[in-house]
Amino acid sequence: MLLGILRALGGERDAGLGVLDRLAVQHASCPQVAGALFFVQRHGQPGPSADLSDRFCDSPFVKFETLMDGAVAPCCSIWTQQRLGHLDGQSFAQIWNSEAAQAMRASILDGSYRYCNKQRCSFIIDDVLPKRDAITDPDLRTIIDDTVTDLAKGPRWLFLAHDVTCNLACPSCRGGIEVADADQERRFEIIERDVFGPLLNAEGEVLISVSGQGDPWSSPHYRSILRYMSDHHLDARLDLHTNALLMNEGRWAQYPGLERYQPTVNVSIDSCTPWVYATVRRPGNWAKLLPNLHFIAAKRARGDFREFHINATIQLDNFHEMPALVDLAEALGTDSVRLYMMQNTGGHLEQDFEHMNIGSASHPLHLVFLETLRDERLGRGIAHLYDVANWRTRSFAQTLPSDSLPANYSLLDLHEAIREAHGMEERVVALCAAGRTRFRKDLDLLLIEANALNTLGFSAQAQYRLNERTALGGEAITLPHH
């Protein structure tokens, strides 16, 4: 890490960044590596500074995020590895003002942000953390001015992600269908009674987010909390995170009281075509999902829902659909489409992560990924790129195959460049991907790209392009398996 920093500051910026990039792939959760890369990327460059000492993040002072292992985090669990305590064996008060909680808060107040992964936190990446001098909220103002880490008031945001029960087994998340057993359900009943009950009925408005793991409509535990909210008038707001396969008009009608909270609905879809959806959202069914998306969109259009967002975790199988996800978001009238890079969280992901991690510079299709990121649709206001933004920035800073083409190249120019790249299949795929940002429905490009992918050994990804070609009116084609 020190070598990377020294090389970058010593005049070899690209070489230093390369060292740190490789470390970031190997140690994706390490805040020190992320901080070094963040510093080098911003040092001496126009734009936002790497110095966060004049900024303020309120998350550790307002948020209580539960995780699937029973731990409690101060914000998004992939933005920091710091944990405040545990739901089992600790009271809410012991967790909320634990030594770890106060250390996290101190890192914000001293400006170091030493527990934060600066390559993942979207507020840091997008440079939208507010100036601490601009904070006017009375409670937060006192915290800043008096350097308060032991809080008298409870959280304003309860984010639930401790029950993994779900009707899907998405490869980016888990290795199979997971359902809480009887012992876990009894444990959840105790947690709901002893930890969440007091929070739900505490004085002051609280935002309740359900669920960061699993699906709220699949989980009896989460449905119990939603039932309680439906049947009682709480001083609360509701933020639903769901795959939406079970969130249809009939299910929603069973919880009529939830509408009083004007919920925000976040739907994880990871794809916008039936053939990719079947792979990345197993065993989901696109035909079942689509009417539910339109149901949610209609509720949002009428103002029954405060916001509507769709989300996607980006990896090998779906990176080519990023621009089309923007199109879908606009067609549905969502407030945003949110894109996140797939993270190596270990477990079932360990074996295939290198193959799936399209963000790695060593991946055979990394240049294809960068070409796709140049699509103008990903620069629209509706597209929130989070950590994907790092790679989009690099896509414009790096020389890519399409840069050999004239500024306003024609389809003829593109096909000539593809012919010249014959035998260099990675370059062929990259040129096709670049061309399809401009010539979006060209059947020949899809066929050429599919053939090149198949030659490279990416037969499943080749089939996705052929399916898209067929959907656009092309004849069905079968490629030989490599």
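**Note on selected local features and helix packing**

1. Ser 172 is placed in the loop between β4 (157–160) and α9 (182–200); helices (H or I, at least four residues) and strands (E, at least two) are DSSP runs, numbered from the N terminus. The model is predicted, so local features need pLDDT of at least 70 and side-chain atom pairs count only at pLDDT 80 or more, whereas totals for chains, interfaces and linings use all residues. Residues are numbered from 1 along each chain as its sequence is written, and side-chain values use heavy atoms, with hydrogens and water left out.

2. The surroundings of Ser 172 deserve a remark. With 18% relative accessibility, Ser 172 counts as buried; buried means under 20% relative accessible area, exposed over 50%, and partly exposed in between (1.4 Å probe, protein chains only). Not counting residues up to four places away in sequence, Ser 172 touches Asp 270, Thr 313, Met 342, His 348 and Leu 349, where contact means heavy atoms within 4.5 Å.

3. On the cysteines, the structure holds zero disulfides, a disulfide being a pair of cysteine sulfur atoms within 2.5 Å. Cys 116 is in no disulfide, and the nearest cysteine sulfur, that of Cys 75, is 6.2 Å away. Cys 116 is buried, at a relative accessible area of 9%. Cys 173 is partly exposed, its relative accessible area being 36%.

4. Two points of backbone geometry concern peptide bonds and phi. Most residues other than glycine have a negative phi, and most peptide bonds are trans. Val 210 and Ser 211 are joined by a cis peptide bond with omega of about 10 degrees, and Ser 211 lies in the loop between β5 (206–210) and α10 (220–231). A cis peptide bond also runs from Arg 282 to Pro 283, with omega near -10 degrees. Pro 283 is in the loop between α12 (274–280) and α13 (286–302).

5. Ala 244 belongs to the loop between β6 (236–242) and α11 (249–253) and is buried, with a relative accessible area of 0%.6. Two packed helices are described by the angle between their axes and the distance between the axes. The axes of helix α18 (residues 411–420) and helix α20 (residues 443–456) come within 12 Å and cross at roughly 15 degrees; axes are lines fitted to C-alpha atoms, for helices over the stretch in contact, and angles run from 0 to 180 degrees between N-to-C directions. That makes α18 roughly parallel to α20, on a scale where angles under 35 degrees count as roughly parallel, over 145 as roughly antiparallel, 65 to 115 as roughly perpendicular and the rest as oblique. The crossing of α18 and α20 is left-handed; this term applies if the near helix is turned anticlockwise from the far one by less than a right angle, and right-handed applies if clockwise.

6. In the contact of these helices, Leu 411, Leu 414, His 415 and Ile 418 of α18 meet Asp 444, Leu 445 and Ile 448 of α20. By class, the contact of α18 with α20 has five nonpolar, one polar and one charged residues. Ala, Val, Leu, Ile, Met, Phe, Trp, Tyr, Cys and Pro count as nonpolar, Asp, Glu, Lys and Arg as charged, and the others, Gly among them, as polar.

7. Helix α19 (residues 425–436) packs on α20 at an angle of about 150 degrees, the axes being 9 Å apart. The two helices α19 and α20 are therefore roughly antiparallel to each other, and α19 passes α20 in a left-handed crossing. Residues of α19 in this contact include Val 428, Val 429 and Cys 432, and those of α20 include Leu 446, Ala 452 and Leu 453. The contact of α19 with α20 has, by class, 10 nonpolar, two polar and four charged residues.

8. Leu 453 lies in helix α20 and, at 0% relative accessibility, counts as buried. Leu 453 and Val 429 are 24 residues apart in sequence and 6.8 Å apart in space, C-alpha to C-alpha. Leaving aside residues up to four places away in sequence, Leu 453 touches Leu 365, Val 429, Phe 458, Ser 459, Gln 461, Ala 462 and Arg 465.
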